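Here is a friendly tour of side-chain packing and pairing in a single chain. Have the viewer open and follow along.

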Amino acid sequence: QVQLVESGGGLVQPGGSLRLSCAASRFTFSDYDMSWYRQISEKERELVATISTTGGSTNYADSVKGRFTISTDNAKKTMYLQMNSLKPEDTAVYYCKARGAAQYNYGMTYWGKGTLVTVSS
């Protein structure tokens, strides 16, 4: 059973920083494209950032460009989201997602359970 476990959320003041981690287990990490999403209350889950299997390509939502950085450590099977210059509107539950990118697992999708980030003074 594939597992994705997020950590690193918490309460931070506006302008502060947090680093989220997503630890993966029970699958070949390098065969998946990885993403961070966030969900604010009852709103639709939105894409924050993605990183390709090889780590050579990243994409960000306009709202976080220049402030957030997505990265992976394939040896540790862990994805990170470094979040700087946090704003109150970044408050959300952050989820990691793995989507299969190899022939044998193409399109297979797994989600973590999320970690709450609260930006408030």
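In this predicted model, the count of aromatic pairs comes to four. In one of them, F27 and Y32 have ring centres 4.5 Å apart and planes at 70 degrees, so the pair is edge-to-face. F27 is buried, with a relative accessible area of 7%, and Y32 is buried as well, at 4% relative accessibility. Another edge-to-face pair is made by Y37 and W111, with 4.9 Å from centre to centre and 65 degrees between the planes. Because Y37 belongs to strand β4 and W111 to strand β10 (residues 109-111), this pair ties together parts that are 74 residues apart in sequence. How do the two partners stand in terms of burial? Y37 is buried, with a relative accessible area of 15%, whereas W111 is partly exposed, at 36%. Ring pairs also join F27, F29, Y32 and Y110 into a cluster.

Rings meet charges here too. The charged end of R45 sits over the ring of Y95, 3.6 Å from the ring centre. R99, in turn, lies over the face of Y106, at 5.1 Å from the centre of that ring.

**Salt bridges**

Side chains of opposite charge can pair when their charged atoms come close. Searching the whole structure gives four salt bridges, and the table shows some of them.

| D90 | R38 | 2.9 Å |

D90 and R38 are both buried. R67 is buried, as is D90. Salt bridges that share partners join R38, E46, R67 and D90 into one network.

**The nonpolar core**

Which residues touch the most other members of the largest nonpolar core? Among its 29 residues, they are M34, W36, M79, L81, M83 and Y94. The elements that contribute two or more residues to this core are β3 (18-25), β4 (32-39), β5 (46-51), β7 (68-73), β8 (78-83), β9 (92-100) and β11 (115-119).

Leaving aside neighbours within four places in sequence, M79 is in contact with L20, S21, C22, F29, M34, S35, W36, I51, I70, S71, T72 and C96.

Is T78 buried or exposed? At 10% relative accessibility, T78 counts as buried, because the cut-off for burial is under 20%. A polar atom of the T78 side chain lies 2.9 Å from the backbone oxygen of K76. Not counting residues up to four places away in sequence, T78 touches S21, C22, A23, F29, S71, T72 and D73.

Definitions and conventions: Residues numbered from 1 in each chain as written. Predicted model: local features only at pLDDT ≥ 70, side-chain atom pairs only at ≥ 80, totals over all residues. Heavy atoms only, no water. Core = buried A, V, L, I, M, F, W, Y, C linked by side-chain atoms within 4.5 Å. Buried < 20%, exposed > 50% of the residue type's maximum accessible area, 1.4 Å probe, protein only. Helix = DSSP H or I, 4+ residues; strand = E, 2+ residues; numbered from the N terminus. Contact = heavy atoms within 4.5 Å. Polar contact = N/O pair within 3.5 Å; in protein donor to acceptor, adjacent residues only side chain to side chain. Phe/Tyr/Trp six-rings, centres within 6.5 Å; stacked < 30°, edge-to-face > 60°. Lys NZ or Arg CZ within 6 Å of the ring centre and 35° of its normal. Salt bridge = Lys/Arg side-chain N within 4 Å of Asp/Glu carboxyl O.
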